Amino acid sequence: MRGTIIIILVLLGGVILGFLDLVPQFVLENDPGMIILYILLFCVGVSVGSDEEFLEKLKGQSPKLIFIPIVTITGTLIGTTLISPFLINRTLADCLAVGSGFGYYSLSSILITELKGTDLGVIALLSNIIREVSVLVFAPLMVRYFGKLAPICCGGATSMDSTLPFIIANSGKEFAVVSIIHGVVVDFSVPFLVSFFCSFQ
């Protein structure tokens, strides 16, 4: 929750600085969003590649686990498709791009801002924060009414980091590895799916 609040405050700080025209021109001219995006992608690769414990746990898991992130990705895209007709002035591709963030607000919002504009980038940021916060607040109810995999699927890419403690607390420790693997697979899908849907006009 603390990380989410920091992200919102940083966003508001950027809006205020931009509105007051206090950002140096050379920063704007050098496309800082893409530089940050490349750094984020590099850090994701380093964190996965250097985690030997995760790689060992991955070897001992059933191949059937791959179906959980596939269901998360497919379900999110179907749900986004069904809701898109009710969103005014937004194309199906726009909605799918936002949905493809899967809770990974730092990466998806920057990528969407670069490819489709600031307004859709802000929508992506808020949408993905809401997805994360939903797990933090409603995980007990998700487990009670929809089963122990529900908060993992709802958490999307965050199931390997920020929502993991809440998933373990409500679904059980035996779901920790499932949650991490799910988060990694969904995490890797974000830049590819967001870029793909943003390529449509």
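Helices (H or I, at least four residues) are DSSP runs, numbered from the N terminus. This is a predicted model, where local features need pLDDT of at least 70, side-chain atom pairs count only at pLDDT 80 or more, and totals for chains, interfaces and linings use all residues. Residues are numbered from 1 along each chain as its sequence is written, and side-chain values use heavy atoms, without hydrogens and water.

Start with the salt bridges (a side-chain nitrogen of Lys or Arg within 4 Å of a carboxyl oxygen of Asp or Glu). The whole structure has 3. Asp94 pairs with Arg90 at 3.8 Å, N to O. Asp94 counts as buried (under 20% relative accessible area) because its relative accessibility is 8%. Arg90 also pairs with Asp119, at 3.1 Å. That pair links distant parts of the chain: Arg90 sits in the loop between helix 5 and helix 6, and Asp119 in helix 8, 29 residues apart. Lys116 meets Asp94 at 3.3 Å. Here helix 7 (residues 105-116) is linked to helix 6, across 22 residues. Shared partners join Arg90, Asp94, Lys116 and Asp119 into one network.

Now look at Arg131 in helix 8. Arg131 is buried yet has no salt bridge.

Note on methods: Helix = DSSP H or I, 4+ residues; strand = E, 2+ residues; numbered from the N terminus. Buried < 20%, exposed > 50% of the residue type's maximum accessible area, 1.4 Å probe, protein only. Lys, Arg positive; Asp, Glu negative; His and termini not counted.
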